[in-house]
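Try each task before you read its solution.

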Amino acid sequence: MAAPFTRTSLYRGPALVQYNGHTFFTRDDIVARLAPEWGAVNTSMYGEVDSVLADRVYQVPLTLWGAWENLADLFPAAVMAGTVGASIFGASDKALTIWGRNGDKVVYANAAVTKLANLHLGVGADLFSSAVEFTCLRANTANPEDANAYFTLSNSPLTEDAFAKTNFSRQRWTAAWGSVAGFASFVGEKGIDISWEAQMEPVRVEGWGTSDFTLAGFKAQARCIPIGPTLAQLEAASQSQDTALGSLLSGAVADLTLSAAKSGTIVLKNAALREHWYAFGQTPLRIGECVWETTRLFVDGVPGVVASVA
C-alpha cells in the first residue's frame, strides 16, 4: 500500500508581507483566515436546510517584530487626520502580499489598515503591544464572482533583501504635556503605553458585499505612572474635583508629546487627563497610573489632526 503522503507535501515556513511598496516582518506567525460570511437558509418544516453566501471580508492581523519603520502605512493619514465619513480604502486599490519562504504567495487585491497597532514606549517590552490589522476586500472594479476578485495564489522564489535590524526600537521615551506645571517633562516608571480607538463602519452593497469602510471616529490614549509631578500638581491638572458636572473633558487640554532618545516622536493632540489614582504600600509609587485621552480641536469650525507618529 502506497504511503498517503511524503514530507515534501508538508508545506510550511514563515513569510514576509508587502504593502504599498514596503516590506513588513512579523514577530509572530502569520495566520490569514479565509472565512466568508454565510447566512442560514431556514424553513418552518425542516429548520436550517442550507447556508447562503452573504459576504467576503478577510482580516490579516500582523504582530510586527518591533522596528520603527513603515510608519505612514501603519498610522495612515486617513485615520490619524481623517475626516469622519471619508473612505478608508480610497480611490485606488492597494495590494497586500504574503510571501512564504517556500515561494507560496497570496496577493490580496485590495487592503487597508482598519485597526492600528498599540505601542509600548520603553525598553521593558516590544514596541508593538498589539497587532495591526489589515482588512481585505474585493478589487474595486471586480464582481464578487470574478476569478481572483479577492486574492490570487501563486508560487515564485522569495526575494529577501529588505530586513533592517538597525530599525529595531527599544529605547527611553520622555513626555511633555504642554507647559502644564509638573508635566512639562516627565517619564513613565514602566514606560508609556499608547492605544488607538479607530471606529470604522463597513459600507455594504447588496449583491457586491462590503465595498469600503467609512471612518466614524478616532481617538487615542496614553497611560503611564508619571515620575516628576507632585500630588498637588497632579490634582491641579486634573478634573477630579473643583470642576462642575457637565464640564467638557477638553476644558483642560494640551498636546502630549512623546519623544524617543534616538528617534521617534508621537503627539496626542489636545490631550486631557481622563483619570488617575494613588497607591499606598511599601513599594508602589504614590502616584499611580494616569490616563490621557485626545479631544478634537476645531479652528474656525474645521476639525484638526488627532495624533501624529513620526
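A cavity is a set of points, on a 1 Å grid over the protein atoms alone, where a 1.4 Å probe fits but cannot get out, and its lining residues have an atom within 4 Å of a point. Grid points are joined across faces, edges and corners, and a volume is the space filled by probe spheres set on the points. You're looking at a predicted model, where local features need pLDDT of at least 70, side-chain atom pairs count only at pLDDT 80 or more, and totals for chains, interfaces and linings use all residues. Residues are numbered from 1 along each chain as its sequence is written, and side-chain values use heavy atoms, with hydrogens and water left out.

**Exercise 1.** Find which residues line the largest cavity.

Step 1: The count of cavities of 30 Å³ or more comes to one.
Step 2: The volume of the largest cavity is about 50 Å³.
Step 3: Its lining is made up of Phe24, Phe25, Leu64, Trp65, Gly66, Ala67, Glu69, Asn70, Leu74 and Phe128.

**Exercise 2.** Work out what Thr26 is in contact with (heavy atoms within 4.5 Å), beyond neighbours within four places in sequence.

Step 1: Go to the loop between β2 (22-24) and β3 (37-43), where Thr26 sits; strands here are DSSP runs (E, at least two residues), numbered from the N terminus.
Step 2: Now check the side chain of Thr26: one of its polar atoms lies 2.7 Å from the backbone oxygen of Asp28.

Methods
1 Å grid on protein atoms, 1.4 Å probe; cavity = no way out; pocket = protein on both sides within 12 Å on 5 of 7 lines; lining within 4 Å. Helix = DSSP H or I, 4+ residues; strand = E, 2+ residues; numbered from the N terminus. Polar contact = N/O pair within 3.5 Å; in protein donor to acceptor, adjacent residues only side chain to side chain.
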